[in-house]
Protein chains: 2
Amino acid sequence: MEKKLSREHVFYAFSPDLEPAMQVAQGEEFVLETHDCFSGQLRSEKDLLDALDWDRINPATGPVRVEGVQPGDVVRVDLLKVQVVNQATMVTLPGEGALGDRITEMETAILKYEGGKVVFRDRIEIPMAPMVGVIGLAPAEGKVPNGEPGAHGGNMDCTLITEGASVYFTASVPGALFGCGDFHAVMGDGEIVICGAETPGEIRLRAQVVPALKGLPTPFVETSDLVSTIASASSLDQAGSDATHNMADFLTRFAGLLVNDAGMLMSLVGQLKVCQVVDPQKTARFEFPKWVLKEYGFELPN
Amino acid sequence: MEKKLSREHVFYAFSPDLEPAMQVAQGEEFVLETHDCFSGQLRSEKDLLDALDWDRINPATGPVRVEGVQPGDVVRVDLLKVQVVNQATMVTLPGEGALGDRITEMETAILKYEGGKVVFRDRIEIPMAPMVGVIGLAPAEGKVPNGEPGAHGGNMDCTLITEGASVYFTASVPGALFGCGDFHAVMGDGEIVICGAETPGEIRLRAQVVPALKGLPTPFVETSDLVSTIASASSLDQAGSDATHNMADFLTRFAGLLVNDAGMLMSLVGQLKVCQVVDPQKTARFEFPKWVLKEYGFELPN
């Protein structure tokens with residue numbers, strides 16, 4: 001019988017004190033249904049942000065307890081399938097986001113899905129590229145609201161986190177306590193008005209400890225052709241510096257490169273990129289191509 | 001007879017006081033040979049940075065006076081052909097760049113060109129992607145060293161500035177006084193160790209005023225499939241914000257989008273990206289796809 005959590009099993013802050021909603025074995029597949037970031041409260045263009053119940057913002061489905069995970073373990077989460085359903089919602093709010101000083105009217109836009117496209121204003125057909133905005137594990141202590149990104153993951157809004165990707169986290173509590181939500185049918189790097197095409201969805205996942213990667217600078221993403229560090233900080237400058245240093249650490253400590261080779265190759269074929277600039281903590285990533293790692297004889301262990 | 005400047009015609013700071021090295025008509029093609037950013041001083045791996053004459057860093061070839069350009073004019077510079085020659089050089093220097101705290105040894109690496117690849121350590125064959133690091137016009141007053149980026153252009157290190165692209169600047173002086181140099185055979189966004197594959201090169205160009213774009217937020221880049229603003233500031237956060245606002249201004253003032261549509265589309269299909277984080281002034285860009293502009297009935301005028 002398939003393990004599946006409906007989108008009624010949500011939490012609003014990552015915390016070691018959460019009760020697990022489900023337990024899975026390492027490597028066992030499971031499915032989570034997710035709400036959009038508004039918990040489905042904005043159903044039409046007449047539903048504006050000023051009527052929102054802000055206590056129900058940024059739900060994540062879970063938490064899922066992964067058997068046998070201990071604090072300090074590096075856990076690889078494989079995103080086997082990511083789907084979005086129904087329709088997407090976008091909003092503008094004066095004063096909010098990277099263009100808050102230019103936006104004068106609160107507005108809600110509904111974007112329909114048609115043949116693999118997300119349709120904006122019944123006119124602009126954007127190829128769908130579903131991604132997961134909030135994904136993470138419980139921190140060691142306290143409560144981190146789902147709207148915040150951090151070392152535990154959370155609201156990183158990283159466009160690499162999509163079907164086929166694997167995301168690596170460091171567990172802080174026994175069982176890891178995993179959760180995710182806040183899918184976007186499509187989103188650009190930056191997330192300028194604080195939202196992508198916000199959408200409910202469904203995701204098929206698998207999680208397991210990778211002992212050989214203990215000490216990996218996390219969060220860390222692997223796609224078919226690249227690896228990427230992710231870091232969040234109060235400034236984009238600091239987040240970028242942290243992501244850059246984490247990649248240098250990965251290349252020297254795990255992939256065995258000399259520091260000068262790592263630095264020069266990061267300057268030649270590495271890409272420092274922006275995830276989001278609209279939360280109090282900004283998020284950056286540093287991407288590095290897997291083909292170069294392969295030339296150095298390195299592949300990520302299973 | 002083709003108009004061409006050899007790489008002996010260089011300057012080290014953009015300034016209205018420079019004597020033109022060549023004059024061209026609007027729309028007339030011309031060719032510039034360029035030095036690498038070290039003026040060719042590092043020819044082998046034995047030539048280290050500590051022996052460098054720092055007065056000969058970041059040469060740009062020019063300046064080229066473009067007939068009929070007046071202050072306030074928006075000048076489009078078309079990069080018709082960009083070639084790199086000889087070999088590329090990279091360096092590391094403890095304390096410098098985004099990994100200066102990790103790098104302990106000064107080193108020079110020479111990268112050969114073989115069959116369209118840039119070869120690092122005789123082992124890693126990177127597809128060549130020549131780009132122009134320094135490109136700009138004279139500012140209204142003073143001297144801006146070529147190592148600095150700014151409103152006039154300069155050392156923006158934007159990987160979009162390559163063969164086939166057009167770069168738009170606002171002229172500050174009669175004749176514009178254009179120059180460029182600091183080519184890279186390949187470079188990643190961020191330019192982590194302060195250099196890409198530094199190389200001499202040759203470029204074929206054409207410049208002309210575009211009256212219909214007067215007031216365009218510049219510097220601005222156009223490629224076959226996107227437009228991009230570029231902005232530089234003392235923090236990456238500010239540079240990113242400036243690039244974002246400039247794109248919103250372009251979309252609302254020139255392409256005719258409502259501000260909410262501009263913001264939502266920038267959040268959906270726009271990309272806030274990093275150019276470089278290793279100069280005192282950091283550089284960011286905001287990319288927006290041309291196909292969306294076309295759906296709104298807008299094309300850049302000639």
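1. The area buried between chain B and chain A comes to about 4900 Å², and carbon and sulfur atoms give 63% of that area. The model is a predicted one, and the figures in this note should be read as values computed from it. In terms of residues, 59 of chain B are in contact with 59 of chain A.

2. On the relation between the two copies, chain B is superposed on chain A by a rotation of 180° with 0.0 Å of shift along the axis, and the RMSD of that superposition is 0.0 Å. This is the relation of a two-fold axis. Both copies use the same surface, since 100% of the contact residues of chain B recur in chain A.

3. One pair to inspect in the structure is Arg121(B) with Asp261(A), whose side chains meet in a salt bridge at 2.7 Å, taken from N to O.

4. As to which elements build the side of chain B that touches chain A, the contributors of at least two residues each include the strands E8 (88-92), E9 (107-114) and E11 (124-127), together with E22 (271-276) and E23 (282-289). Helices H1 (236-254), H2 (259-269) and H3 (290-295) of chain B likewise each supply at least two residues. The largest share comes from H2(B), which provides ten residues of the side that touches chain A. Sorted by residue class, this side of chain B holds 33 nonpolar, twelve polar and 14 charged residues.

5. Two of the contributing strands, E8(B) and E9(B), are also partners within their own chain, where they run antiparallel and are joined by five bridges. Within this pairing, Thr89(B) has Ile110(B) in E9(B) as its bridge partner.

6. E9(B) is paired as well with E10(B), residues 117-120, through three bridges, and these two strands again run antiparallel. In this pairing Lys112(B) stands opposite Val119(B) of E10(B). The hairpin formed by E9(B) and E10(B) has two residues between the strands, and Gly115(B) in that hairpin takes a positive phi near 55°. When following side chains along these strands, a reader may keep in mind that in a regular strand the side chains alternate between the two faces of the sheet.

How values were computed
Residues are numbered from 1 along each chain as its sequence is written. Chains are lettered from A and ligands numbered from 1 in the order in which they are written. This is a predicted model: local features need pLDDT of at least 70, side-chain atom pairs count only at pLDDT 80 or more; totals for chains, interfaces and linings use all residues. Side-chain values use heavy atoms; hydrogens and water are left out. Copies are superposed by least squares on the C-alpha atoms of residues with pLDDT of at least 70 in both. Contact means heavy atoms within 4.5 Å. Buried area is the accessible area (1.4 Å probe) that two parts lose on being put together, summed over both. A salt bridge is a side-chain nitrogen of Lys or Arg within 4 Å of a carboxyl oxygen of Asp or Glu. Helices (H or I, at least four residues) and strands (E, at least two) are DSSP runs, numbered from the N terminus. Ala, Val, Leu, Ile, Met, Phe, Trp, Tyr, Cys and Pro count as nonpolar, Asp, Glu, Lys and Arg as charged, and the others, Gly among them, as polar. Two strands pair if DSSP finds at least two bridges between them.
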